[in-house]
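My notes follow the display.

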Amino acid sequence: ATALAVQELDAQTEAARAAVLRGEFSPLYYQMYRARHDAASLAAAAGLWAWQTRRHLRPDVFAKLPARALQQYADALNLSVEQLKQTD
């Protein structure tokens, strides 16, 4: 049962990566799934509101985020800001 759940999570992560590469979502979307978060849990970990995190999943909004917000997400995901902006 655990192996099946892990396979499902891995499939969701790959689907998120593909959506980011198609330009449908920001790299934050992929990193969120890679770290096994949803928008609400990532927002809580980063100290932001869930509606803000959902908005930051849009590529155009993510591209304009201030350094402080990027650092909050990077800290919550245990990544550097540069890693946060990547999908690989």
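1. Tyr 33 is partly exposed, at 24% relative accessibility; here buried means under 20% relative accessible area, exposed over 50% and partly exposed in between (1.4 Å probe, protein chains only).

2. The model is predicted, so local features need pLDDT of at least 70 and side-chain atom pairs pLDDT 80 or more, while totals for chains, interfaces and linings use all residues. Numbering runs from 1 along each chain as its sequence is written, and side-chain values use heavy atoms, without hydrogens and water.

3. Two aromatic pairs turn up in a search of the whole structure. Phe 25 and Tyr 29 are stacked, at 3.9 Å centre to centre with 10° between the planes. Tyr 29 and Tyr 33 are edge-to-face, because their planes stand at 70°, with the centres 5.1 Å apart. Rings of Phe, Tyr and Trp (its six-membered ring) pair if their centres lie within 6.5 Å; planes under 30 degrees apart are stacked, over 60 edge-to-face, the rest tilted.

4. These ring pairs join Phe 25, Tyr 29 and Tyr 33 into a cluster. Tyr 29 is buried at 16%, whereas Phe 25 is partly exposed at 28%. Tyr 29 and Tyr 33 lie four residues apart in α2 (residues 27-34), so about one helical turn separates them. Helices are DSSP runs (H or I, at least four residues), numbered from the N terminus.

5. Six of the eight residues of α2 are buried, so the helix is largely enclosed by the rest of the structure. Its buried residues, among them Pro 27 and Met 32, pack against α1 (2-21), α3 (39-46), α4 (50-56), α5 (59-62), α6 (67-76) and α7 (81-84); contact means heavy atoms within 4.5 Å.

Note on methods:
Helix = DSSP H or I, 4+ residues; strand = E, 2+ residues; numbered from the N terminus.
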